[in-house]
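Here are my notes for someone opening this one for the first time. Have a look at the structure, then take the points in order.

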Amino acid sequence: MKLSDFDFDLPEELIATRPANPRSSARLLVADGAVLHDRRVTDLTDWLRPGDRLVLNDTRVIPARLSGVRHRASAQGAVQAKIEVTLLEPRGDGTWSALIKPLRKLKIGEEVIFTDALRAKLEAVEDGQGHLRFNCTGDDFDAALNAAGAMPLPPYIAAKRAADAQDMTDYQTVFARHAGAVAAPTASLHFDEALLAALAAQGVEFSHVTLHVGAGTFLPVKVDDISEHKMHAEWGRVSAKAAEEITATRAAGGRVIPVGTTALRLIETAARGGQITAWEGDTDIFITPGFEFNVTDGLMTNFHLPKSTLMMLVSALMGVQQVKDIYAHAIAEKYRFFSYGDSSLLLPKAQKPA
């Protein structure tokens, strides 16, 4: 298929820069096969059945955006330059891969000072990224980063406003546990404790998996023939407990519905052999129309960027034309798009009977 098959025109004003408040008051477009319903996220209780299982990504977003200063002696005396850093992922040698602006102003061996408690030295440059070694590790690093860093808002929000203190809460799920993501699993941002409790009370069950969402999730597809696209890799883990829970739900006739494309990609990675099993590693699974889903019966997900790999994923689940209809409806009804926007519940035609 061609990249143009996943394109659409999105009015700029539909890009959300703040989330709904409260979280669960966001709008929810339910696609029950070909039939569309305009609801609220709180109405999930009307669409999920006892015995259904929601799969939640419990990754925790780190405040990966840092502003620092580089000091250097020169013939004109001491000079300094502002350095902006976005952490990408920890490396096996103890350094962090990072985007550094301007990278050309930083030499190997030079140090960037972020706060009195947090500094980093540039050890290498590879593929346009710097490798930074920080002055602290473990809990000390986490504390210093939390004090110094800002949430790494997606580029389409960052272009409109800077991250602030409110984003430290807004851009984190209420069930975030394992730090490591530089982007949020955004469909999960709609859940609050009250909604989780209401769903549990009606017999909906939950499984937690971890996929550390990377900055690569925002990389554009640059090839017209999508089969030539190289997918970015992200680290994830499906525990034996989660795999057993998902298997038991399917055996009992319940539906497995991942919340977010990250959870979907991870459980389908762990189920490539046909049955889901415990799994841990880097996944670069690329889901496009024609993909055979082994454990996914539906999906809760926000509205995605035109020509993105996520548009291809939802088209694989629902069908290309159905997704075009869903998005045309969402635009006409002025749903809010992207990370802080509204959400959808996608239920393909082939549903198991209740």
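1. Strands (E, at least two residues) and helices (H or I, at least four) are DSSP runs, numbered from the N terminus. You're looking at a predicted model, where local features need pLDDT of at least 70 and side-chain atom pairs count only at pLDDT 80 or more, while totals for chains, interfaces and linings use all residues. Residues are numbered from 1 along each chain as its sequence is written, and side-chain values use heavy atoms, with hydrogens and water left out.

2. Start with β10 (129-134). β7 runs antiparallel to β10, joined by 3 bridges, and A98 has G130 as its bridge partner there. Strand β9 (residues 119-126) is also antiparallel to β10, with 6 bridges; here L122 stands opposite L132. β9 and β10 make a hairpin with 2 residues between them, and D127 in the turn has a positive phi of about 55 degrees.

3. W96 counts as buried because its relative accessible area is 13%, and the cut-off for buried is under 20% (exposed is over 50%, partly exposed in between, with a 1.4 Å probe and protein chains only).

4. Now the largest pocket, which holds about 1000 Å³ of space. A pocket here is an open set of points on a 1 Å grid over the protein atoms alone, with protein on both sides within 12 Å along at least five of seven lines; a 1.4 Å probe fits at the points, and lining residues have an atom within 4 Å of one. Points are joined across faces, edges and corners, and the volume is the space filled by probe spheres set on them. The lining has 35 residues, and L88, L99, Q129, A215 and G216 lie nearest the centre. β6 gives the most, with 6 residues; β7, β10, α3 (155-158) and β13 are also among the elements giving two or more.

5. Elsewhere there is an open sheet of 5 strands, in the order β14-β3-β12-β13-β15, with mixed pairing. β14 (256-258) and β15 (279-283) are the edge strands, each pairing on one side only. Neighbouring strands are turned by 25 degrees against each other on average, direction ignored. Inside the sheet, β3 (residues 53-57) and β12 (residues 205-211) pair in the parallel sense over 5 bridges, with L56 opposite H208.

6. Which helices meet this sheet? Helix α6 (residues 240-251) packs on it, touching β3, β12, β13 and β14, with its direction at about 135 degrees to that of β12. Helix α7 (residues 261-270) lies across β3, β12, β13, β14 and β15 at about 85 degrees to β12. Axes are lines fitted to C-alpha atoms, for helices over the stretch in contact, and angles run from 0 to 180 degrees between N-to-C directions.

7. Last, helix α9 (residues 320-332). Its buried residues include V320, V323, I326 and Y327, and the buried set packs against β1 (27-32), β2 (35-40), β16 (299-302), α8 (309-318) and β17 (343-347). Just after α9, K334 takes a positive phi of about 60 degrees.

Methods:
Pairing = 2+ DSSP bridges. Contact = heavy atoms within 4.5 Å.
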